[in-house]
Amino acid sequence: MKRPALETKISNFLSPLVVAGAGGFLVAIALLPKIAEAIRAQLGAMLPPTWATVANIALGVLATVFLVAQLPIFLIWFERKVAAHAQDRLGPMRVGWHGVLQSFADGIKLLFKEDIIADGIDRQLFRIAPVLVVMGAFGAFAVVPWGPGLLISDLNIALLYIVAITSLGAIGILMAGWASNNKYSLYGGMRSAAQLVAYEIPTALIILVVVLQVGSLSLQDIVAAQGDGLLGENRWLLTRMYGLNVVAFVIFFICGLAETNRNPFDIPEAESELVAGFHTEYSGMRFAFFFLAEYGAMWLVAGVAAILFLGGWVGPYFSGPLVFFLKTLFLVFVQMWLRWTLPRLRVDQLLALCWKYLIPIALAALVVVAGLSVQAS
Amino acid sequence: MASQRVYKDLEPDTAYAFKPEDLEDDEMILNMGPQHPSTHGVLRIELKTDGEIVKDARPHLGYLHRNFEKHAENIDYQGVIPFTDRMDYVASMANSLTYAVAVEKLMAIEVGERVKSIRVLVSELQRIASHLLAIGTYGLDIGAFTPFLHCFREREKILDLFEWLCGARLLYNYNWVGGVSHDLPDGWTEKARQFLGEFAPVIEELDDLLSHNKIFTDRTATVGIIPPDLAVAYALSGPNLRGSGIKWDVRKEDPYCGYEKYDFEIPVGQGRYGPIGSCWDRYYVRVEEMRQSVRILHQALDKLPAEGDVHEKVPKRIKPNPGEAYARTETPRGELAFYIVSDGGLIPYRVKGRSPCFVSMSLFHEIARGEMIADIIAIIGSLDIVLGEIDR
């Protein structure tokens, strides 16, 4: 009998570990409030109050970074599976059980790839750009609450902070496009800049719609204002305001798609037009950074949409971080679903969509909501 | 330096290329291809752009030149057939059929009814396979990935049928002078019928998924417009011509292989979502042609004579009398023709191919001017070029 190959052995050994790890991950998320409470109590008993707070925040940062860094590993595999099943095929099946190790294999491959910086490239900008993009996508997670009190920093201007720091990503893309000294990259960067200007405005208007109804920019407060679940006075925002919030939600989601540069708005990297757009010249880990940022941004957009309109961690039957996780996962799934179904818009059509339709509708929604809010108060 | 001189000698036609000194302030030359994901092979296009707007476009051909016509002057008549297969490599059956028909015309061979029916069967199956590829990759050009794989799934079934028939999946060497290489295997017709039954709903599915998608029609229905007079002036043919609303199909106008006996329609562009002759019209003509091909295939399977030797008329030695012959057929890409001159010997004196893709490409700069970069991709895709046939 032929002995199983080494890869098979490794895969057989690692697959259960990864699946068990994912299960453990979910359990940990479900029990997050209790774990955090226990850690907080433990730290309070062990350290003086100031140091306890510092340690607490440090642990929170570590946990968030760990979480955010692990998410793309799962999401890339998930996306490939969604794509495959949309296209009547199986997707990754070879590396581990149902391909669960695929993302790790890809990551290892990218790590070992040669990091090429071609001649004529602006080396400093070229190196900074991916970092900025990742910062833009991951920095925003600092204010996203997973549950009551489960966040790094409860900023009272959290929404403003999110709008500001996610724009950093677009600057990174512009930088990458310019520094690459490649015409296709330049086109990608310029398109990204045009896109940024177009979608930021409706996003901001829709955020104002929410802020008007809740009266706070803090994501904690926004979720607290939707604390009654599906029914009741303080129900999810989506079901309030006679359907106006549904419109607002849809606009927010469309703008979110534009922000994550995904189909139908993957104009800056439009594969069939611009080869790979702004990251044409990138390889190895620098390329992987853009990739990570994309998945981080997807999760962020879905998470913020879930918080603003779907009540964050407040569920119809039970509440907690797991509810937030599932809602966000569902919205991420919708993003993937759209990506593998729709064709791509042309750049002028995206601008027309944003300037001619989304902004007026968002503005009208804002005015109506403002009027209704004044009336209510 | 010797190496540098060699490189300079190989530099492509500089007289034809855009010159940097002719550019205005905001203009830029963008070199698209030959290694570009959407130029459908090794086409290179030079674009003079102003931001996203394309001011002018110049295609550079010849990256896949394989000297077909010169080769053909040095091989016997039968030996040319594998070379014709490699012209339009996604519709090999149609190419070799054209060549076989031309040589048969030269030698005044009349093939049997069964051979004619088989040839209709394979060339219509090939048309569906080729259109599936064209439509799938067109979706890919516009940014929709999923229809591509759905199309390839169906194309695969046709390739399986061909493999069963002649052992090859892409380059078949199937249509011989005076016959075909293999008779239909037992059970092949049943399998073909089964495929037709499975395939008809797929076209509807494709319509739902891609053809009438709002983004897709917005992207394609107003760009790359070829007015009917321009199409005729450039001698366009095939779906590209019919997309401009002109009813011309060699299968109807100059029938071969007994196409006059089949009942089918010629779909033309209707200008449903925009001006007539747009990319969308050309795309949709292909979708409609697949429906018509299914119709023809059903009839061909019904009419297929039970008996008949497919090698009956295959000549032992192909040695035509001095003379010349011109034969044309409707391939998936349009009117492919071969002009063959014989000097009475065992090898052709001259073989000239008339390539429909070359004609489509010669029109490209006319419709590319003033469009956006993304539209250039849409236009190339809608012309459905195969570089193997352009460069030969």
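Helices (H or I, at least four residues) and strands (E, at least two) are DSSP runs, numbered from the N terminus. This is a predicted model, in which local features need pLDDT of at least 70, side-chain atom pairs count only at pLDDT 80 or more, and totals for chains, interfaces and linings use all residues. Residues are numbered from 1 along each chain as its sequence is written, while chains are lettered from A and ligands numbered from 1 in the order in which they are written.

Select chain A and colour by secondary structure: there are 13 helices and zero strands. The C-alpha trace of chain A spans about 75 × 55 × 45 Å along its principal axes. Of the 377 residues in chain A, 44% are buried (20 or more other C-beta atoms, placed from the backbone, within 10 Å of the residue's own).

Next, select residues 284-309 of chain A, which form helix α11. α11(A) is mostly covered, with 23 of its 26 residues buried.

Now show both chains. The contact (C-beta atoms, placed from the backbone, within 7 Å) takes 22 residues from chain A and 26 residues from chain B. On the side of chain B that touches chain A, the elements giving two or more residues include α5 (113-142) and α6 (146-166) of chain B.

Notes: Two residues are in contact if their C-beta atoms, placed from the backbone, lie within 7 Å. A residue is buried if 20 or more other C-beta atoms lie within 10 Å of its own, exposed if 12 or fewer, and partly exposed in between; C-beta atoms are placed from the backbone. The expected span of a helix is 1.5 Å times one less than its number of residues.
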